[in-house]
Amino acid sequence: MITFWKPWVWRMAYRDSRRGLPRLLLSMSSVVLAVALVVLAYSFRENLLASIQAQSKSLLGADLALDSREPFSKDDEQLFHTLGGDQSKQVGFTSMATFPASGDSRLVQVRAISGQFPYYGALETTPPLSLEVFHLSANALVDENVLLQFNAKVGDVVKLGNQEFRILGSLRKIPGETLAFSLISPRIYIPLAYLERTQLIQPGSVVRYRVFFKFATGTQVERMVKAIAPQLQRLQLDADTVSKRTASIAANMENLSRFLRLAVFVAVLLAGVGVASVTYVYAKDKAQAAALLRCIGARPRETVSVYLLQLLFLTVVCAAAGVGIGVWAQSYLPALLKDFLPVAPVIEISPLGIVAGVVVGMTTAFLFALLPLVSLRRISPLMALRSSYDEEPRARDPLVLSIVLLIVMLVLAFASATLGSWRQGLVFTGAVLVVFFALAILARVGTLLVRQVAPRFLSFPWRQGLANLHRPSNQTTAVMLAIGLGTFLLVALHGVQDMLLRQVDRRVGQDEPNLVLFDVQNEQRQAIGALMERLEISRHAEVPVVTMRLAAIKGRRVEEIRADETSKIPSWALRREYRSTYRGRLTGTEKLIKGDWVATADERTQPIAVSVEKGIAETLGVDVGDPLQFEIQGVPIDTRVANLREVDWQRVQPNFFVVFPEGVLEKAPQFYALVGRAPSSQASAQLQRAVLERFPNVSAIDLSLILSTLNSVLDRVAGAMRFVAWFTLLTGFTVLASAVLGSRGHRVRESILLRTLGAARGQIFTAIVAEYVFTGAIAACAGAILGILAGWGLSYYFFGTAIAIAPLPVLAIITAVTATTVLAGALGCLGVIRRPALEALRAEA
Amino acid sequence: MSTDNILTVEHLSKEFKSGDDTVHVLNDISFAIERGTSCALVGPSGSGKTTLIAICAGLERPSKGAVELDGVALHQASEEKLARIRNQSIGFIFQSFQLLPSLTALENVMVPAEIAGERMVRASALELLGRVGLRNRMYHYPMLLSGGEQQRVAIARAFMNQPNILFADEPTGNLDAETSESIVKLIFNLNSMNRTTLILVTHDRELTEQADRIITLKAGRLASDVTKPKSEGSTSDG
């Protein structure tokens with residue numbers, strides 16, 4: 001099909017390219033963007049993974065960390081002593097932090113540390129931290145987001161439990177942790193020596209105890225951990241090593257990078273559509289020349305090769321420019337994604353990124369260019385004889401179908417390789433095809449509908465603008481697809497964010513609880529109840545909470561399961577502290593899906609029939625009838641799964657993995673969660689202040705905290721994704737620019753004709769503006785419709801109900817996209833109107 | 001078939017599908033063209049002239065019948081072979097000149113030889129451009145040339161590979177009377193110098209009169225075939 005080895009093909013390609021190729025080069029600018037994006041995404045991945053490896057020790061901050069859910073025992077301490085090295089301890093838990101200056105408070109993660117931790121890397125603070133000074137007195141390092149939220153500053157006081165701490169620094173970065181995590185669970189570091197004074201550790205508190213080690217250089221930490229594995233098992237200690245932490249962070253970052261690479265690939269495909277569209281016009285322009293070449297003896301494959309060579313050359317030029325831009329831009333990407341990165345990547349030129357950019361960009365451009373170009377081989381030489389030659393209709397070109405199939409297969413292969421799964425690759429490819437086809441169809445239907453309805457009440461220039469959408473070589477569908485895809489991503493992103501927030505807000509209906517107080521001790525219940533009454537906060541429920549651990553599943557000890565490398569039960573599910581409750585009925589947020597509800601039981605007749613949440617049952621691999629053994633403060637209690645429940649976790653009230661029947665846990669050590677409904681956020685804040693003043697161990701979560709946390713997390717996530725959407729839109733506008741350039745000849749002829757027929761320049765300009773108003777608006781509406789549908793689909797998938805998306809922001813996106821389209825299109829056509837008719841006529845003659 | 005004939009057409013028919021209908025463009029046409037002669041193909045618009053030369057030049061395949069050019073059965077030849085014949089044995093002159101707009105006059109002339117894989121073709125192309133009087137315009141692009149000049153470049157190109165037969169489809173159709181005259185002269189001069197067989201499709205009476213033979217088509221059928229006697233004329237009505 002292709003003959004590149006004939007010298008005349010090269011000569012002809014070169015000669016033919018001298019005129020018009022620079023314009024074609026501009027038309028292919030989408031390839032520059034696509035290659036730049038691929039270089040960016042792949043280089044980012046390479047640099048990030050290399051940086052994770054290079055900074056691996058600072059990700060843990062130590063050579064080894066050992067974890068326990070219980071305070072360290074004498075045996076634990078003995079083991080630490082044997083291990084030696086420099087040691088630092090950390091006690092972590094969640095609690096309320098109050099800023100006395102403003103009276104504001106919120107739930108934070110407290111980390112009390114001792115020693116010189118972190119041994120590698122540093123806690124980045126403003127001003128820079130001196131650990132010696134930090135440990136000297138009651139100092140605190142507070143997450144900068146919390147300081148910003150409460151308008152607090154370094155030097156102010158923050159109160160944790162009964163102890164006030166002076167804010168020594170604003171915490172910007174913790175080795176191995178992302179900023180996004182701090183939005184969900186902001187951290188406060190305090191010296192371990194002052195933890196006792198807070199009196200925050202109470203019975204039932206969920207606390208994580210850690211010890212960090214720094215060993216002498218050359219110590220074989222992995223080997224050491226392997227050697228003490230049985231002891232760690234016996235003492236229920238978890239080991240975290242540098243390699244384990246690095247692998248886990250690298251896996252998380254790989255996920256982020258996968259998302260980025262796939263998103264970029266969508267833009268690459270869009271650029272491919274742009275290339276196909278430009279080449280289609282090019283092939284049409286060259287049809288006469290191709291027919292002549294055929295007439296004077298060129299073979300079909302030689303004719304195709306002439307034009308393919310030109311496009312390959314252009315692709316190489318575009319790829320080179322794309323590589324340049326990608327390499328230049330890569331230093332800016334980490335800043336954009338900094339909230340999600342555990343390390344600051346060191347930016348270096350990545351050969352793999354460059355190769356990926358060139359290969360992905362050029363293969364895409366080549367295949368998409370080939371689609372319209374192969375038709376040249378079927379051009380009849382008769383076209384040179386008669387310009388009005390009408391070819392007999394031919395059957396579909398099997399070569400075109402083969403190329404389409406090859407493109408789909410390559411997309412599938414790329415997606416599968418990136419996602420590491422054929423199934424996921426298939427879903428991605430299917431989704432891309434559906435979105436592309438749906439947009440193309442919506443745009444086509446929209447154009448036809450407008451054409452049917454609008455002309456009746458439009459003036460001449462607007463009717464002409466509308467008719468221009470059907471101009472040959474106008475590439476209307478490709479342009480609409482490109483612009484529509486960008487709009488789709490923007491609307492879908494906005495829709496998901498808006499929908500998630502509104503879902504949460506809506507779920508907390510008129511009579512639903514919107515406030516939960518945790519860790520309320522038995523003796524505090526009455527006083528807090530009175531406070532709630534005084535502030536007119538209705539008390540919905542007092543839920544008893546008993547903390548327990550899993551001891552055995554289906555007769556197999558948890559230690560044994562954890563030691564079994566073939567077990568599919570994740571470690572967190574085996575090690576976690578289960579906060580369970582007991583009651584005789586289901587709540588409004590629960591639904592029985594299997595088995596029978598058991599309301600009461602006798603603790604002496606074990607196994608006790610318990611209710612297990614569906615998700616955790618799947619994680620633990622248990623079903624109705626299976627035995628589970630729990631331990632409450634060392635006392636074993638045998639249970640059997642009596643039923644499985646589905647829980648609506650999105651309500652503001654305590655939900656539980658395991659619910660016991662009444663009559664079993666009443667005498668076990670327990671605390672309470674108080675669920676209420678505050679009439680206003682002010683009342684809720686007032687209650688939290690009053691409760692914290694008297695009972696600092698109590699923590700509170702209210703709806704406003706959930707919404708603000710959700711909003712800030714979504715804002716950051718959407719920010720990063722919006723970058724991809726804008727790039728897609730930018731690719732769309734490069735396709736538009738290509739279309740404007742490609743149809744310039746037609747526009748000039750049309751403009752001459754209209755002016756000959758007496759049209760004023762103003763009318764021609766209005767027709768051009770009208771054309772782009774229709775193009776932009778129809779494409780943006782098609783994208784928005786698909787974006788809203790995607791939002792609804794996600795809403796239905798995650799919440800079981802579809803929710804309406806706020807129309808005003810969607811309208812704003814449509815207007816902005818339309819306006820940009822008009823601006824870009826009209827600017828590209830200015831030369832057409834400015835050109836004197838006589839000059840244009842001569843040039844066209 | 002006579003060995004003096006360069007082109008032989010026997011019982012040639014061509015039909016096209018147009019929706020459910022079949023359009024018979026050419027019906028049972030037979031004739032032979034003697035080597036080195038010139039023949040004008042005339043007839044009203046739609047009579048099938050262009051289709052006939054398209055088939056004779058291997059650009060189109062007949063529905064029925066046989067076409068033999070220089071001993072090669074075109075109706076049976078492969079696309080590859082047809083391309084080679086078009087390149088090496090046939091020259092074309094078109095009504096709308098058909099120059100490649102992105103190539104200079106010189107490059108346009110060189111193209112057929114380059115397709116044939118020949119090297120050092122510049123001198124021959126320059127010589128041809130000189131013969132058509134455009135040597136001084138060799139670096140000009142087609143859009144900078146007048147219609148007559150463009151057709152001269154096309155004529156030079158048609159003779160570049162020294163074809164055995166030249167097909168000219170209304171070569172003066174897009175030119176004014178004065179330019180047409182000079183083009184006609186040029187075609188016939190080059191034709192006699194190169195001893196090329198010439199087949200012309202034309203409405204131009206002057207052009208027709210200069211041809212050795214005139215074949216007239218009407219509604220896809222051979223209406224008349226008149227050969228002018230070099231000394232004594234002979235006529236046969238079809």
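Two strands count as paired if DSSP finds at least two bridges between them. Helices (H or I, at least four residues) and strands (E, at least two) are themselves DSSP runs, numbered from the N terminus. With that in hand, take β6 of chain A, residues 157–160: this strand pairs with β7(A) in the antiparallel sense over four bridges.

Before going further, a word on the model and its labels. This is a predicted model, in which local features need pLDDT of at least 70 and side-chain atom pairs count only at pLDDT 80 or more, while totals for chains, interfaces and linings use all residues. Residues are numbered from 1 along each chain as its sequence is written, and chains are lettered from A and ligands numbered from 1 in the order in which they are written.

**Chain A at a glance**

Chain A has 31 helices and 21 strands. Its C-alpha trace spans about 100 × 65 × 60 Å along the principal axes. Of its 845 residues, 44% are buried; a residue is called buried if 20 or more other C-beta atoms lie within 10 Å of its own, exposed if 12 or fewer, and partly exposed in between, with C-beta atoms placed from the backbone. Two residues are in contact if their C-beta atoms, placed from the backbone, lie within 7 Å. Among contacts in chain A between residues at least 6 apart in sequence, 85% join residues at least 24 apart.

**Around strand β7 of chain A**

Back to β7(A), which covers residues 163–173 and also pairs with β4(A), residues 124–126, in the antiparallel sense over three bridges. With β5(A), residues 139–143, the pairing is parallel and runs over five bridges. In general, strands of a sheet pair through backbone hydrogen bonds, either parallel or antiparallel.

**Two helix pairs**

Axes here are lines fitted to C-alpha atoms, for helices over the stretch in contact, and angles run from 0 to 180 degrees between N-to-C directions.

| Helix pair | Angle | Axis separation |
|---|---|---|
| α12(A) (242–285) and α16(A) (351–373) | about 35 degrees | 8 Å |
| α3(B) (105–115) and α4(B) (122–131) | about 120 degrees | 9 Å |

The crossing of α12(A) and α16(A) is right-handed, and α3(B) also passes α4(B) in a right-handed crossing. A crossing is left-handed if the near helix is turned anticlockwise from the far one by less than a right angle, and right-handed if clockwise.

In the chain A pair, the α12(A) residues that meet α16(A) include A:V268, A:G272 and A:Y280, and those on the α16(A) side include A:V360, A:F368 and A:L373. By class, this contact has 15 nonpolar, four polar and no charged residues. Here Ala, Val, Leu, Ile, Met, Phe, Trp, Tyr, Cys and Pro count as nonpolar, Asp, Glu, Lys and Arg as charged, and the others, Gly among them, as polar.

In the chain B pair, B:L106 and B:M110 are among the α3(B) residues that meet α4(B), where the partners include B:R122 and B:L128.

**A sheet and a cysteine in chain B**

Chain B has an open sheet of four strands in the order β2-β1-β4-β5, with antiparallel pairing. Its edge strands are β2(B) (21–34) and β5(B) (72–73), each pairing on one side only. Helix α1(B), residues 49–56, packs on the sheet and touches β1, β2 and β4 of chain B, its direction making about 120 degrees with that of β1(B). Five bridges join β1(B) (5–18) to the antiparallel β4(B) (64–69), and B:S13 stands opposite B:K64 there.

B:C39 sits in strand β3(B), residues 38–42. Is B:C39 buried or exposed? B:C39 is buried, because 20 other C-beta atoms lie within 10 Å. Leaving aside neighbours within four places in sequence, its contacts include B:I33, B:L198 and B:D212.

**Where the chains meet**

Finally, 21 residues of chain A are in contact with 27 residues of chain B. On the chain A side, α1(A) gives the most, with four residues. That side divides into ten nonpolar, three polar and eight charged residues.
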